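This report describes a structure in terms of its chain contacts and its backbone geometry. The sequence and coordinates are shown first, followed by the description.

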Amino acid sequence: MMGDPGFFTLSECARLLRGRESSSVELTTALLERIARLDGELNAFLLVTADTALAAARQADAEIARGNYRGAMHGVPYAAKDIFDVAGLPTTCHSKILEGNIVSANAAVITRLNEAGAVLIGKTSLHEFATGGPSLDLPWPPARNPWNREVHPGGSSSGSGAALAAGLVPLALGTDTGGSIRHPATACGVVGIKPTYNAVSLQGVFPLSFSLDHAGPLTRTVADNAIALAHLIEPEVASRMNCGVGDTPFADIGDGLAGMTVGVLDEFYSGADVDPEIAACIDAAVKCIASLGAVVKPLRVSPMSAYNTCGRVLLQAESHAVHADWLRARHADYGERGRRRLMAGALISSTDYVKAQQARAYLARELAYAMRGCDVVVTASSLVFPARIADAAEVERTYDKAARMPFNVSGTPALSLPIGFSKAGLPIGLQIAGHAWGEAQVYRAALALEGALGLIDKHPPGF
Amino acid sequence: MSAGPDPTPEQDFHARLATAGLTGLSASDLAWLRAAYDKGRGYQLPPGCPPTTQPAPVFVPIAREE
C-alpha cells in the first residue's frame with residue numbers, strides 16, 4: 001500500500017481493493033490507527049468498532065480473494081452518524097436520554113452497505129438528537145473542526161464532517177433536516193448531499209422531523225459522493241434518478257458545465273447577514289461556472305425567510321411530537337440547547353402547523369417553477385463562518401444563518417461543495433441544488449466546478 | 001356557548017406549556033421559550049400563497065417539468 005491512506009478517496013480505496021494492491025484489513029487498520037492518534041482532539045467518534053470492523057474487513061478480503069468482488073464499496077471503511085441503528089450497538093443520538101440504548105436491528109442503509117461489503121468503523125458524534133448543539137453539557141463532548149479546533153465543525157452531523165476532513169474515513173453517513181449534512185460539509189470543507197426526499201430510506205434512523213428528514217453521504221470528493229449515494233438509495237428510485245452501479249453510477253456527470261443552465265439564487269446571500277468573504281467567494285465561483293461554459297441566470301423566488309420560517313414551524317412541531325413524553329418526564333436529562341429547541345414545538349398551534357404545510361406546498365411549487373429551464377441552481381450554504389464552540393452567545397446568533405432550509409422545504413436535492421477558504425483558513429462552501437430526482441445534474445455541475453477549483457488535495461494542517 | 005375573551009399572550013404561552021405537561025422549568029428556559037413564542041406566534045402564509053393551498057401532510061416531491 002502506497003502512502004498514508006487517511007486521505008485516500010473512496011474511489012482510490014475501491015481501485016486498490018479491486019486490484020488487490022491493498023487489503024481491507026490494511027486500510028481499516030491504518031484508519032483505526034489514525035483515529036486512535038488524532039480523534040482525541042476532535043471527538044468525531046462516539047464509538048469505534050475496531051473488532052467488528054476488522055472482522056468485516058477480513059471477510060471482505062477473503063471474498064475478494066475468491067473472486068467475489070461485490071463493487072465499489074466492498075471492503076471500504078465508513079462511519080455512520082450515531083443516529084443510524086446498527087444491530088448490537090447503541091444508538092445514543094448523542095444524548096443522555098438514549099445512553100445505553102442497544103438496538104437489535106440495522107437501519108435500512110446499514111443493511112444496504114453491509115450487503116455491498118462496506119466496513120463500519122465507528123459511529124460519529126452529532127448535535128443532541130440532531131438539533132441541540134454544539135453543547136458542552138452532554139455525556140460526550142462536541143466534535144471539533146479539524147481546520148480550527150476552537151470552532152464549530154457544523155452540524156448536526158458534526159463528527160461525520162470532522163472525520164472526513166481529518167482523513168479518518170473516506171465516507172460518513174449523515175442526516176439533514178434543516179441542513180445537517182450540508183452544514184458540516186461546508187464548515188469542514190468536504191462534500192455532502194441531501195438527496196431528494198425519500199430517495200434514501202429513513203427506516204432505523206431516529207427521527208427529528210418526519211417530513212423534513214433526509215439521509216445522505218458525506219465524502220471528500222464529488223465522484224465519491226455519487227458512488228456512495230448510488231449504494232444508499234432505494235432500488236425503486238434508481239431509475240428515476242438515472243442512477244446505475246459501478247464507479248460512475250450517474251451517467252454523464254463528467255460532461256462538464258458547457259451546455260448547462262445554472263440559476264443563481266443570489267438574493268439568499270445578498271443581505272446584511274452575509275459575511276463579505278463568503279459572498280465574494282460565491283461570486284467568484286459563479287464566474288468560474290460561467291467561464292466553464294454554463295449559461296448563468298439569476299432566479300427570483302420568495303424571500304429566504306419565507307422558506308426558513310415555514311421549515312422552522314414544521315421542524316419544531318414535528319420534533320416536539322417525537323420528544324413530548326421524554327420532555328415531560330426527563331427534561332433535565334437533555335442538554336440545555338436541545339431541550340429548549342425541542343420544547344419550543346409545544347408552543348406551535350395546530351393552525352400554524354397546517355398553514356406551514358400549506359405554505360410548503362406553495363413554496364416547493366414556486367421553486368420548481370422558478371427553476372424551469374435551469375439544470376441546477378446555486379446559492380450560499382452558510383452565510384457566516386462557524387462560531388467558537390465556547391462562545392454560547394455566538395453559537396446561538398449564528399445557528400440559523402444559512403440558506404439550506406429552503407431545500408428541505410422543497411424536498412429537492414442540494415449539495416455543498418468546497419469552493420475556497422477565508423483569510424483565517426476556514427472553508428467556504430457553495431450549494432448546488434437540483435430538481436427532484438435531479439442528482440445527476442447536481443453532481444455534473446459539482447464535478448466540473450470541483451475540477452476547476454482544484455481544492456481536493458487541500459487538507460487541514462496537522463492531519 | 002360563548003367563547004369568552006381571547007387569552008393574553010402571557011396566558012396563552014403558559015397554557016401551551018401546561019398542555020404539553022412542561023412544568024418545573026427554570027427561569028432561563030422559560031425566558032428562552034417565551035422569546036421563541038413571541039417570534040413564532042401567528043404564522044403568516046407567504047405573500048402570494050393562497051389560503052386554500054392543499055396541505056402536504058406526506059410530502060411528495062414535484063416531478064421535474066419537461
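## Contact between the chains

Two residues are taken to be in contact if their C-beta atoms, placed from the backbone, lie within 7 Å. The model is predicted: local features need pLDDT of at least 70, side-chain atom pairs count only at pLDDT 80 or more, and totals for chains, interfaces and linings use all residues. Residues are numbered from 1 along each chain as its sequence is written, while chains are lettered from A and ligands numbered from 1 in the order in which they are written.

On this basis, 37 residues of chain A are in contact with 27 residues of chain B. The elements of chain B that give two or more residues to the side touching chain A are α1 (9–19) and α2 (27–40); helices (H or I, at least four residues) and strands (E, at least two) are DSSP runs, numbered from the N terminus. The largest share of that side, 6 residues, is supplied by α2(B).

The side of chain B that touches chain A comprises 19 nonpolar, 4 polar and 4 charged residues. Here Ala, Val, Leu, Ile, Met, Phe, Trp, Tyr, Cys and Pro count as nonpolar, Asp, Glu, Lys and Arg as charged, and the others, Gly among them, as polar.

## Composition of chain B

Chain B has 2 helices and 0 strands. Of its 66 residues, 12% count as buried. A residue is buried if 20 or more other C-beta atoms lie within 10 Å of its own, exposed if 12 or fewer, and partly exposed in between, with C-beta atoms placed from the backbone.

Most residues other than glycine have a negative phi, and most peptide bonds are trans. Against this background, which peptide bond has an omega of about -5 degrees? The bond is the cis one that joins Gly133(A) and Pro134(A), and Pro134(A) is found in the loop between β3 (119–124) and α5 (158–165) of chain A. A cis peptide bond also runs from Gly155(A) to Ser156(A), with omega near 20 degrees; Ser156(A) lies in the loop between β3 and α5 of chain A.

Phe129(A), although not a glycine, has a positive phi of about 55 degrees, and this residue lies in the loop between β3 and α5 of chain A. Phe129(A) is buried, with 28 other C-beta atoms within 10 Å. Ala130(A), also not a glycine, has a positive phi of about 70 degrees and is placed in the loop between β3 and α5 of chain A. Ala130(A) is buried, with 30 other C-beta atoms within 10 Å.
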